[in-house]
Amino acid sequence: LNERYELHAGMDVSDGLSLDVSRLAAASGCGAILRPESAPVSQAAEELERVRDDGVRALDHALSDGEDFELILAVRPEEARRILDDQPLDVPITAIGEFVAQRGLWQPGAAGDRKPLPAGGWLH
């Protein structure tokens with residue numbers, strides 16, 4: 001990807017998507033708006049929701065469980081469009097949010113505002 005596109009930052013999701021996005025944003029001196037409904041949800045997360053009766057949704061697992069074997073990439077919007085259009089890998093690439101100047105981890109609110117999104121995941 002780095003040979004074909006201008007990537008600004010990236011990291012693997014090993015401790016939980018929301019936690020790792022917040023870490024990447026903090027290390028970059030910015031914040032992030034994560035659209036939870038756009039996050040990839042694995043079949044394993046859906047299975048956990050189905051077999052456990054603990055009220056944890058598959059989406060919650062996708063946002064907070066670790067070892068997801070996914071990458072977070074930070075690119076300019078026009079470069080993101082190129083990558084999404086090209087789909088250059090054997091696995092799907094998905095836009096899940098954007099990095100913004102306002103520090104913190106956010107999700108879109110119903111009124112078009114931003115609401116804090118708790119960063120969940122594995123803390124070493």
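User: I'm looking at helix α1. Which residues in α1 are buried?

Analyst: Keep in mind that this is a predicted model. In α1, the buried ones are Leu17, Ser18, Leu19, Asp20, Val21, Ser22, Leu24 and Ala25. That makes 8 of the 11 residues in this helix, which spans residues 17–27, so call it mostly covered.

User: What do the buried residues of α1 pack against?

Analyst: Quite a list: β1 (9–13), β2, α3, β3 (70–74), β4 and β5. Just after the helix, have a look at glycine 29, with its positive phi of about 75 degrees.

User: How do I read a nonpolar core, and which residues have the most contacts inside the largest one?

Analyst: The general idea first. In soluble globular proteins, nonpolar side chains tend to be buried together. Here, the largest nonpolar core has 15 residues, and those with the most contacts inside it are Leu17, Val21, Leu34, Leu63, Ile72 and Leu105. At least two residues of this core come from each of α1, β2 and α3. The largest share, 4 residues, is supplied by α1.

User: What is leucine 105 in contact with, leaving aside its neighbours within four places in sequence?

Analyst: Its contacts include Ser18, Val21 and Ser22. Ala32 and Leu34 are also among them, and so is the run Lys115, Pro116, Leu117, Pro118 and Ala119.

User: Now strands. Which residues of β2 lie on one side, and which on the other?

Analyst: Start with the rule. In a regular strand the side chains alternate between the two faces of the sheet. In β2 (residues 31–34), Gly31 and Ile33 are on one side, while Ala32 and Leu34 are on the other. Both faces are covered, and these four residues are all buried.

User: Why does histidine 61 count as buried?

Analyst: Because its relative accessible area is 6%, which is under 20%. Histidine 61 lies in helix α3 (residues 58–64). Neighbours within four places aside, it is in contact with Ala45, Leu48, Glu49, Arg52 and Val56.

User: How far apart are isoleucine 83 and leucine 1 in sequence and in space?

Analyst: They are 82 residues apart in sequence and 8.8 Å apart in space, C-alpha to C-alpha. You'll find isoleucine 83 in helix α4 (residues 77–86), where it is buried because its relative accessibility is 4%. Beyond four places in sequence, it touches Tyr5, Leu7, Val75, Pro88 and Ile93.

User: Zooming out, how many helices and strands does the protein have?

Analyst: It has 4 helices and 6 strands, in the order β-α-β-α-α-β-α-β-β-β from the N terminus on. With 124 residues, a compact globule would have a radius of gyration near 14 Å, and the protein's 15 Å agrees with that. Across the 124 residues, 31% are buried.

Conventions:
Residues are numbered from 1 along each chain as its sequence is written. This is a predicted model: local features need pLDDT of at least 70, side-chain atom pairs count only at pLDDT 80 or more; totals for chains, interfaces and linings use all residues. Side-chain values use heavy atoms; hydrogens and water are left out. Buried means under 20% relative accessible area, exposed over 50%, partly exposed in between (1.4 Å probe, protein chains only). Contact means heavy atoms within 4.5 Å. A nonpolar core is a set of buried Ala, Val, Leu, Ile, Met, Phe, Trp, Tyr and Cys residues joined through side-chain atoms within 4.5 Å. The radius of gyration is taken over C-alpha atoms; the globule rule is 2.2 Å times the number of residues to the power 0.38.
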